[in-house]
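Subject: Handover of a structure for your study

Dear colleague,

Please find below the structure that I am handing over to you. I would ask you to keep it open while you read the notes that follow.

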Protein chains: 2
Amino acid sequence: MKKAIYYHAGCPVCVAAEQQVVDAIDKNRFEIEIVHLGEHKARIAEAEQAGIVSVPALSLDGAIFHINFEASIADVKGIA
Amino acid sequence: MKKAIYYHAGCPVCVAAEQQVVDAIDKNRFEIEIVHLGEHKARIAEAEQAGIVSVPALSLDGAIFHINFEASIADVKGIA
């Protein structure tokens, strides 16, 4: 099973993107985790190490895709 | 069947993203089309009307998601 992680910060743009992008992923092949970085500050470091510089972002087996743009990780640290 | 369209311009970043993002989409629910805007100039207008401002970008049933950033549509027009 591959792993998909969707990182967001709870903003309206992030949630709308989450519903559509996460919905499109093949659940038979991907285990999907949703991480709200504003509520889980401890995972910000993990996101940064993975190469995430803004949210929302999607990790597909470790490959990072920044989807649209709502906030930088620096912004998330400020609001977290 | 929902429709997913992946717009790109043939750049290495676009192709790498294509392989991973398109691979993750559930083919049982989405019909997937790949559009190389550099080779299909006639579809640039369609992409712009859909709201695409840069590539690579993914349309999921009309909702546009800009994935990472390789080139603006203006750049694509220049190289197309």
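What rotation superposes chain B on chain A? A rotation of 180 degrees, with 0.0 Å of shift along its axis, does so with an RMSD of 0.0 Å; copies are superposed by least squares on the C-alpha atoms of residues with pLDDT of at least 70 in both. The two copies are thus related as by a two-fold rotation axis. Both copies use the same surface, since 100% of the contact residues of chain B recur in chain A, where contact means heavy atoms within 4.5 Å.

Please note that this is a predicted model, in which local features need pLDDT of at least 70, side-chain atom pairs count only at pLDDT 80 or more, and totals for chains, interfaces and linings use all residues. Residues are numbered from 1 along each chain as its sequence is written, chains are lettered from A and ligands numbered from 1 in the order in which they are written, and side-chain values use heavy atoms, with hydrogens and water left out.

The interface

Chain B and chain A each bring 19 residues to the contact. The area buried between them is about 1400 Å², of which carbon and sulfur atoms give 49%; buried area is the accessible area (1.4 Å probe) that two parts lose on being put together, summed over both. On the side of chain B, the residues that lose the most area to chain A are B:Ala24, B:Phe65 and B:Asn68, together 33% of what that side buries. Beyond its neighbours within four places in sequence, B:Phe65 is in contact with residues of chain A including A:Ala17, A:Val21 and A:Ile67.

Strands and core

Helices (H or I, at least four residues) and strands (E, at least two) are DSSP runs, numbered from the N terminus. Strand β3 (residues 54–60) of chain A pairs with β4(A) in the antiparallel sense over six bridges; two strands pair if DSSP finds at least two bridges between them. A:Ser59 stands opposite A:Ile64 in β4(A). Two residues lie between the strands of this hairpin, and A:Asp61 takes a positive phi near 50 degrees there.

Is strand β4 (residues 63–72) of chain A largely enclosed or open? Seven of its 10 residues are buried, so β4 of chain A is largely enclosed by the rest of the structure. Buried means under 20% relative accessible area, exposed over 50%, and partly exposed in between (1.4 Å probe, protein chains only).

The largest nonpolar core has 30 residues, and among those with the most contacts inside it are A:Phe65 and B:Phe65. Such a core is a set of buried Ala, Val, Leu, Ile, Met, Phe, Trp, Tyr and Cys residues joined through side-chain atoms within 4.5 Å.

Salt bridges

A salt bridge is a side-chain nitrogen of Lys or Arg within 4 Å of a carboxyl oxygen of Asp or Glu. Another salt bridge is formed by the side chains of B:Asp23 and A:Arg29 (3.4 Å, N to O). B:Asp23 lies in helix α1 of chain B and A:Arg29 in the loop between α1 and β2 (30–36) of chain A, so the pair joins two chains.

Within chain B, B:Glu48 forms a salt bridge with B:Lys77 at 3.0 Å between the closest N and O atoms. This pair links distant parts of the chain, namely helix α2 (residues 44–50) and helix α3 (residues 73–79), the two residues being 29 residues apart.

Yours sincerely
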